[in-house]
Amino acid sequence: MLEPDPKVVRELLTRYATLRIAQAERPRPAVTRELTDVSYTLCVMLATTSVHEALGRADALLLAKGRATPEACPADADGESGLSLAV
């Protein structure tokens, strides 16, 4: 089985969450349709039949990819990445 691109999965998860929030705040048919489309795409991409299972697999995939690429965020000798925690 081909593995989905983590960047695409992350984008779909973000869209899914945004649509869920929009649907909870103000249910509209257009949002419902788009949420259904994103849910279906997640299921297909992650080879599942339920969106809940797809979300779990997406999380696992992103977690595994995060661990597999430590060079993406190299740490200094003291263990710090050099990135500011300030927002």
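**View 1. Helix α1 passes helix α2 in a left-handed crossing.** Left-handed here means that the near helix is turned anticlockwise from the far one by less than a right angle. This is a predicted model, where local features need pLDDT of at least 70 and side-chain atom pairs count only at pLDDT 80 or more, while totals for chains, interfaces and linings use all residues. Residues are numbered from 1 along each chain as its sequence is written, and side-chain values use heavy atoms, with hydrogens and water left out. The axes of α1 and α2 (residues 29-45) come within 9 Å and cross at roughly 150°; they are lines fitted to C-alpha atoms over the stretch in contact, with angles from 0 to 180 degrees between N-to-C directions. The pair is therefore roughly antiparallel, a label for angles over 145 degrees. On the α1 side, the residues that meet α2 include Val8, Leu12, Tyr16 and Leu19; among their partners in α2 are Leu35, Val38 and Leu42. Contact means heavy atoms within 4.5 Å.

View 2. Gln23 sits in α1, which covers residues 6-25.

**View 3. Serine 39 is a buried residue of α2.** Its relative accessible area is 14%, and buried means under 20% (1.4 Å probe, protein chains only). Beyond residues up to four places away in sequence, Ser39 touches Tyr16 and Val51.

**View 4. Leucine 55 is a buried residue of α3.** Helix α3 spans residues 51-68, and Leu55 has 19% relative accessibility. Leaving aside neighbours within four places in sequence, Leu55 is in contact with Leu13, Tyr16 and Leu42. Leu42 is 13 residues away in sequence and 7.7 Å away in space, C-alpha to C-alpha.

View 5. Buried residues make up 25% of the 87 in the chain.

Terms used. Buried means under 20% relative accessible area, exposed over 50%, partly exposed in between (1.4 Å probe, protein chains only). Helices (H or I, at least four residues) and strands (E, at least two) are DSSP runs, numbered from the N terminus. Angles under 35 degrees count as roughly parallel, over 145 as roughly antiparallel, 65 to 115 as roughly perpendicular and the rest as oblique.
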